[in-house]
Amino acid sequence: MSHIEIQNLKKSFGDAPVLRGIDLSIQQGEFIAILGPSGCGKSTLLRIVAGLEAHDAGHVLMDGAIVDGLAPKTRDVAVVFQSYALYPHMTVAQNLALPLVMRDLNRAERLPLARRLSGRVKRVRAEILQAVQRAASQVEIEALLDRKPGQLSGGQRQRVALARALIRKPKLFLLDEPLSNLDATLRASTRAEIVHLQKKLGTTAIYVTHDQTEAMTMADRIAIMIDGEIIQIGTAREIYDRPIDVRAALFIGTPKMNVFEGTAENGVIHLAATGTAVAHAAGVRDGPVQIGVRPEHITLMREQREDAIPTVPTHREFLGSEALVHIAIGEKTRSVSAIARLDADVIDGLQIGKPASARLRPGALHLFDREGKRLETPLHSSLVPLPQALGREKRAFNEQPAPLLRV
Ligand SMILES: Nc1ncnc2c1ncn2[C@@H]1O[C@H](COP(=O)(O)OP(=O)(O)O)[C@@H](O)[C@H]1O
Ligand SMILES: [Mg+2]
C-alpha cells in the first residue's frame, strides 16, 4: 500500500519528447488507469515509476520519499506486462516462487543442497511454499502448479503472471495492458477479477491501457494521456459528463461524441453545416467553435421541420434495447455525419434515406474552442425566435419537452 506522487516528469528519447511534464497523485489503495492511444508514452511512464527506465526531469515519490534513481528491487513494485514473461522451463509453482527465492535467499542458499545445511533455509523455503499456495488460490490456479507455461491457455498464463506479481505483496502494482492478449470474453471476466483482487489486497495500482472500456470499468480514476501529456484526470463519469478537452471527450464514450464545426455569433451557437441555431451561449466570443454532443442527446423526428436540423438517416444498427442511427446532417455537399443513440422501440418507422430532422439537446451540448479546450459557459435553449442565423430565420430549440419523438 502506498501513496504515489509523480511530479513534472519529463523524458525524451533522443530529440523526441515522450513525456512532457506528467503530474499525477495517486492515493493509497487507489486503482488509477492511464488511458491513451498507442505511442503516447504510457509504458515509458510505467517503466520510470518501476525504476526500469531513467527520466530526464521531475520526481517520483512513494509515501513521500523521492525514489528517483532507486533500483526496481528496492522500490517494492510488481509489474505485469502484456507478455507474461514467464520462464518456459519452470513449472507454474517455480515461476511463482522465483521472486521470493530471489528476495529471501542468497546465492549459496538457493542451491539444492543448502536446505540440508541450514535451519533458516528450511524455514524460508517452507514459507515460500505457503506463499505460492496462497497466491495460487487467490487467482484460482492451484490445479496448474505443476504445469509449464506452454501447457496453459493465454488466460491461465495471465493469472500466473498476476499471482507472481502479488506474491511479494508489493507496495504498488503496475499493470501494462495485461489483458491485450486475451479474447473478449476472458478479458471481461479478468477485468473484474483484477479489480476484486486489488481491492481485497488494498494495493495501490497503476493500470495502463488504450482500451476505454477497461479504464472505465476498472479504475477509481482515469488519467487521459495524449502525446506525452495528461490532459484530464477524473472518474469515468466526470470525464464523460464534463470533458475539459475535445480529445478527452472523443476518448471516452462509445460511440464517440459527435463533434461539429460551429460558429458563435452574438451569443448564439450555429451549426456550420446547416446554419441552424442550436443554443444560446452568453459570453462566448464570436468566431469558430466546436460543438460536441453525445449520441444519446440527439433527438430524431420523422419529418423535416423548420425548427430542427435537416437530416437524412443513412444507416441503423439494432443493438437490442437501443439502436444507433447514423445520420447525414445538412445539404449533400456540406453534409456531416453523426450517430444518434435511441431506444430501439422508437426506430421501427425509421426510413433510411428519407428526409428527417434532428435536434441536439441544448443543455447537453459541449462547447469547445478551436483548439479543443472546453468553453465553460451555460448553454440555454430559447423559447423566442433567434435573430438571423447565417442569413436565414431560424429558431432555437425548446429544451423543455425534449421528446424522443418517434421517427
Ligand atoms: N527505448 C526507446 N528508445 C526510443 N524510443 C522509444 C523507446 N521506448 C519508447 N520509445 C518511443 O516513445 C514513444 C512512447 O512509447 P511508449 O511509452 O511505449 O507508448 P505507449 O505505451 O503509450 O504505446 C513512442 O513513440 C516510442 O516509439
Ligand atoms: Mg505501451
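Student: What makes up the shell around ligand 1, by class?

Tutor: By class, that shell has 3 nonpolar, 6 polar and 1 charged residues. Ala, Val, Leu, Ile, Met, Phe, Trp, Tyr, Cys and Pro count as nonpolar, Asp, Glu, Lys and Arg as charged, and the others, Gly among them, as polar. This is a predicted model, in which local features need pLDDT of at least 70 and side-chain atom pairs pLDDT 80 or more, while totals for chains, interfaces and linings use all residues. Residues are numbered from 1 along each chain as its sequence is written, with chains lettered from A and ligands numbered from 1 in the order in which they are written.

Student: Which residues are around ligand 1?

Tutor: Among them are Phe-13, Val-18, Cys-40 and Lys-42. A residue is near a molecule if its C-beta atom, placed from the backbone, lies within 6 Å of it.

Student: Why is Ile-167 called buried?

Tutor: A residue is buried if 20 or more other C-beta atoms lie within 10 Å of its own, exposed if 12 or fewer, and partly exposed in between; C-beta atoms are placed from the backbone. Ile-167 has 22 C-beta neighbours inside 10 Å, so Ile-167 counts as buried.

Student: Where does Ile-167 lie?

Tutor: Ile-167 is in the loop between α6 (154–166) and β7 (172–176). Helices (H or I, at least four residues) and strands (E, at least two) are DSSP runs, numbered from the N terminus.

Student: How many bridges join β11 to β14?

Tutor: There are 7, and the two strands run antiparallel. Two strands pair if DSSP finds at least two bridges between them, so this count meets the definition. Ile-291 in β14 is the bridge partner of Phe-260.
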